[in-house]
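Please look through the sequence and the model below before you turn to the exercises. Each task is followed by a worked solution that goes step by step.

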Amino acid sequence: MSHFPVKKVIRANAKRLRRSMTEAEVKLWQELRAHRLMGMSFRRQMPIAGYIVDFACPASKIIVEVDGSQHGCSEILETDRIRSERLRELGWVVIRFWNDDVLRDIDGVCRHIMAIAEENGV
């Protein structure tokens with residue numbers, strides 16, 4: 001996969017987000033990091049197309065987003081829909097989980113990610 005230039009402000013924001021991950025993001029990262037899930041290589045807080053996604057596996061073109069309750073309001077739902085649509089247009093599969101799902105059922109979240117990966121030929 002070729003490297004695309006990333007604006008300095010976006011790169012700095014991604015770096016800041018890596019240092020201040022939510023409890024749910026930390027928990028999921030422990031399952032995804034170091035090729036722990038099906039040998040897939042995930043990156044955290046990765047800039048893609050002007051957005052910063054929570055977790056991405058570039059080789060499989062899978063994005064995993066972990067959303068807090070603020071993502072339930074109608075304005076943010078619409079923003080998320082547009083963002084996900086744009087990422088899908090670029091060939092990415094976008095999977096979204098609520099923080100609570102990750103915190104209460106990490107095994108189920110991982111099984112869902114694995115099922116999506118298998119559907120996409122990983």
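The exercises that follow concern a predicted model.

**Exercise 1. Find how many helices and strands the chain has, and in which order its elements run.**

Solution. Begin with the count, which gives five helices and four strands. Then follow the chain from the N terminus, where the elements run α-α-β-β-β-α-β-α-α.

**Exercise 2. Work out how the radius of gyration of the chain stands against that of a compact globule.**

Solution. For 122 residues, a compact globule would have a radius of gyration near 14 Å, and because the chain has 14 Å, the two agree. Next, take the extent of the C-alpha trace, which spans about 35 × 35 × 30 Å along its principal axes. Finally, turn to the contacts with a separation of 6 or more, of which 57% are between residues 24 or more positions apart.

**Exercise 3. Describe how strand β2 is paired and covered.**

Solution. Start with β1 (residues 43-48), which runs antiparallel to β2 and is joined to β2 by five bridges; here Ile48 stands opposite Tyr51 in β2. The two strands form a hairpin with two residues between them, and Ala49 in the turn has a positive phi of about 55 degrees.

Continue to β3 (residues 62-67), which pairs with β2 in the antiparallel sense over three bridges, with Ile63 in β3 as the bridge partner of Ala56. This hairpin has four residues between the strands, and Lys61 takes a positive phi near 55 degrees.

Lastly, consider burial, counted as under 20% relative accessible area: six of the seven residues of β2 (residues 51-57) are buried, while 38% of the 122 residues of the chain count as buried.

Key:
Residues numbered from 1 in each chain as written. Predicted model: local features only at pLDDT ≥ 70, side-chain atom pairs only at ≥ 80, totals over all residues. Heavy atoms only, no water. Rg over C-alpha atoms; globule rule 2.2 N^0.38 Å. Buried < 20%, exposed > 50% of the residue type's maximum accessible area, 1.4 Å probe, protein only. Contact = heavy atoms within 4.5 Å. Pairing = 2+ DSSP bridges.
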